[in-house]
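Visitor: I would like to know how the terms used for this protein are decided. Please take me through them one at a time.

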Amino acid sequence: MPLLADEEDTRKVQTAVAGSPGADHPVYLPMDGADFDRFIRAYPAREFYCGTLLGGCGRKLSARKYRDKKCHFAHVVSGHCRRVSTNEASADHLYIGRALAAWMKEQKYKNVQVRYKRRGQSLREVVDVTYTHDGDVHRHLVRVQLARRSKADWESTDAELHGQLAGVQWLFGPDSMLANWQMDRQGYAIRIQCRPLGVTRVVEVGVQFPDSPVEWVSLSQCRMTAHGIQAPALELTESGLVPRGRKMPSPTRPVVRSQPAEPPAERHTEQPPSARSDPAPALAAPESTRSGPPPSALTLDRIRAWEDRETTERLIVLLDHLDQVGDDLHLDQMQTVLRKVRAYEEALWHRPGTALRVRVATWRAHAAAMAARPTFREICACAELVRWTLGMAARTGRPLTWTELGARLDARLPALHPDDKVSILVEADRGTCSDRPLLAALVAARGDRVHPLYADVLDHLDRPVPAPEEAQASWEEDLRSHRRDRRLQGEQFVITNSGASSLVLP
């Protein structure tokens, strides 16, 4: 179906970049319409893009203001965008990189450079800020670890970086579980996060200790020292940074893993080959700070109980991840997570608790429901048939219900998810001229009432959305427009014997 040059798509985006497609200047569009005017005054040029450093397509975005729902960006030109994350946190790596660079420059460090993507890694996995001291040519690094990784990968990377650079400072994002291992190493770990503040997002830093929650402060309350980042919770001494007013914990012993003497044939299910391996870095298991049972007390039951605790923790991390971002995942991404969940379930010596089984069953049912919904290709194919059927209905101006459409085209249509119905009608009206009424107006609720989804179709196609109390009257006017168009199409010129033409109304 050809797309109009000025047509806008329906993909809703909360973050963008300003200036150019490859810029690292993130902008956050507040969801509240009351903040929209203040936001747009800060960017009079309105040069917003689906930035390549956000994983976007690089095409231009427009800022949309609404009073009765969330404001958002939308692509100016329709097309397929592979950007996975579009929510308010999707540009946090850019906010963090820019904030750290500006913070380092304020402290007079030299040659400050930010890098958002390393070879072999994806965006939003790490943010690297390199710098030098005044009068020193050796480079130092602040690495922000945003994605999850296994302990072995992290230790290998840490050793490699220390061999290449004069100094390495680790910061851990909200989704990284490596802070536990850093606490084992030095008694604390530095965390970093973003939170919304008006029309922007601010960067905060916190110190994580094993026995207390993280206390977050603004980045401006911290400073860089020769021993690393000093936050208010840390004190600079001659030996380095130490927790302020705390005793340093004694170092923990390395984990001792002993294999049971008996073969694993007694398990309730066969253990898959990959069940004991860590999940992919994007969904890594939590790094436990426990050192396991002492070797002198090892028994088969103790080993099994200990392994079940660790496996259950990894299972809980995956379920927590689904609870946080599951609604934004594509079906294949969700199925990948659920396969890891099943591997952990099968790796347990005993069945998980009832609460965990309920959570797993809920997400599996959700994934099954997603799999049953039509794909975009199926929606487009269905939209072609619906467009033809509604075009025939436009000749009489009589609207159809979804039940009638199902009887004519496909019996599954009335039972579709409301979002899928909206998508079908939006695609059916993609080619409708802006000065013509939508074919979607010809889909009505029972009793010749405006359909509740009609307002969503108008909104997705950037048409004016009437107030709820005016919806019925506005919809009836759209139907009258279809009837008037039909009468105009019926006008024809009749050639008389004299060669003159006269307009004859049917």
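**Terms and cut-offs**

Guide: Ala-152, Ala-159 and Gly-163 are exposed residues on the face of α3 turned away from its buried side. Exposed means over 50% relative accessible area, buried under 20%, and partly exposed in between, with a 1.4 Å probe and protein chains only. The model is predicted, with local features needing pLDDT of at least 70 and side-chain atom pairs counted only at pLDDT 80 or more, while totals for chains, interfaces and linings use all residues. Residues are numbered from 1 along each chain as its sequence is written, and side-chain values use heavy atoms, leaving out hydrogens and water.

Visitor: Which residues of α3 are buried, and how do you know that they line one face of the helix?

Guide: The buried residues are Trp-154, Thr-157, Asp-158 and Leu-161. Seen down the axis of α3, the buried residues fall within an arc of 105°, so they line one face; the arc is that of the directions from the helix axis to the C-beta atoms. They pack against β9 (139-145), β10 and α4.

Visitor: What makes the span of α3 agree with its 14 residues?

Guide: The expected span is 1.5 Å times one less than the number of residues. For α3 that should be 20 Å, and the end C-alpha atoms are 20 Å apart, so the two agree.

Visitor: What counts as a helix or a strand, and how many does the chain have?

Guide: The chain has 12 helices and 21 strands. One of the helices is α4, residues 179-186, where Ala-179, Asn-180, Trp-181, Gln-182 and Met-183 are buried. Their cover includes α3 (151-164), β10 (167-172), β11 (189-197) and β12 (200-209). Gly-187, which follows α4, has a positive phi near 90°.

Visitor: Why does Asp-308 count as buried, and what does it touch?

Guide: Asp-308 has 10% relative accessibility, so it counts as buried. It lies in helix α5 (residues 300-325). Contact means heavy atoms within 4.5 Å. Not counting residues up to four places away in sequence, Asp-308 touches Leu-348, Trp-349 and His-350.

Visitor: Why does Asp-485 count as buried?

Guide: Asp-485 has 18% relative accessibility, so it counts as buried. This residue lies in helix α12 (residues 471-490). Leaving aside neighbours within four places in sequence, Asp-485 is in contact with Arg-436 and Pro-437.

Visitor: What pLDDT does the chain average?

Guide: The average is 79, and 82% of the residues score at least 70; pLDDT is the predictor's confidence in each residue, from 0 to 100. Over residues 250-291 the pLDDT is below 50, and this stretch has 87 contacts in the model beyond near neighbours in sequence.

Key: Helices (H or I, at least four residues) and strands (E, at least two) are DSSP runs, numbered from the N terminus.
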